[in-house]
Amino acid sequence: MKWKQVGTAVQGRRHLKKNIPCQDKYFLYSQNEFECISLADGAGSYEHSEIGAEITTQRICKYLEKYFDFIWESEASLAKRGIIHSLRTSIGKEAHKRNCNLDDFSSTLLFACVKNNKFICGHLGDGIIGILKDKNLIIISPPDTGEFANETYFITSVDYQSKFKLYKGEIENIEGFVIMSDGTSNSFLDKTNFVLAPILTDIFDWLKFYSTSKVNKALKKNFKNVIRLKTTDDCSIALMRRVNKK
């Protein structure tokens with residue numbers, strides 16, 4: 001089966017005003033029968049969180065490609081330890097180079113990957129993972145926030161084991177995956193009914209009928225001119241859609 005991937009990340013109005021880099025990062029990865037989208041929201045209160053988010057999004061896709069079968073067959077606790085250990089090791093090397101603490105690179109983590117007819121999704125922190133199935137938008141992993149407003153969990157958190165969620169399944173009638181940061185959810189989540197906005201179905205349809213370059217351009221334009229106006233936070237999203245079957 002063939003998949004198309006798109007994504008974008010834009011600097012939030014608060015960061016734009018203070019000249020702070022966008023701390024949301026995403027990564028799209030496709031290799032042979034393996035497809036992966038990842039997204040991380042850098043913790044705003046930490047010095048190098050945008051670097052941590054970038055390392056996280058890139059490293060997780062390559063780790064998942066290598067260990068997909070192991071994660072699929074393993075118990076969740078073992079799979080989680082392997083994933084977080086890999087990410088912390090990569091970040092630790094960067095922290096050592098900069099003479100910083102690991103916490104300075106804190107970020108959330110969201111990913112969705114597929115191989116043949118199987119999928120694995122992972123989620124730590126706020127943000128949302130959703131799927132398009134039988135033409136319906138379904139939230140499979142809601143935001144996970146702490147006791148207080150604007151509190152969440154990061155890959156550097158001590159209690160990641162209890163907060164890191166893994167999902168595995170068969171593709172079957174799933175047509176697409178979407179992951180988004182909490183800034184984006186202000187536009188794409190109906191908080192009253194806790195359902196995803198129908199506009200996401202339109203974006204999935206764009207992938208069906210238009211090239212990824214055109215969809216990426218449209219996403220970037222809409223995020224800059226519309227989506228980020230509804231929040232002060234950075235905004236990011238990544239999607240992949242199945243476009244045909246073998």
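F188 counts as buried because its relative accessibility is 4%, where buried means under 20% relative accessible area, exposed over 50% and partly exposed in between (1.4 Å probe, protein chains only). F223 is likewise buried, with a relative accessible area of 1%. This is a predicted model, in which local features need pLDDT of at least 70 and side-chain atom pairs count only at pLDDT 80 or more, while totals for chains, interfaces and linings use all residues. Residues are numbered from 1 along each chain as its sequence is written, and side-chain values use heavy atoms, with hydrogens and water left out.

**Aromatic pairs**

- A search of the whole structure finds 8 aromatic pairs, a pair being rings of Phe, Tyr or Trp (its six-membered ring) with centres within 6.5 Å, called stacked when the planes are under 30 degrees apart, edge-to-face when over 60 and tilted for the rest.
- Among them is the edge-to-face pair of F34 and F68, with 6.3 Å from centre to centre and 80° between the planes.
- That pair links distant parts of the chain, since F34 lies in strand β3 (residues 34–41) and F68 in helix α2 (residues 49–73), 34 residues apart; helices (H or I, at least four residues) and strands (E, at least two) are DSSP runs, numbered from the N terminus.
- Both F34 and F68 are buried.
- The ring centres of F188 and F223 are 6.1 Å apart and their planes stand at 65°, so this pair is edge-to-face.
- F188 in helix α5 (residues 182–188) and F223 in helix α7 (residues 212–225) are 35 residues apart, and their pair links distant parts of the chain.

**Aromatic cluster**

- One aromatic cluster is formed by F27, Y29, F34 and F68.
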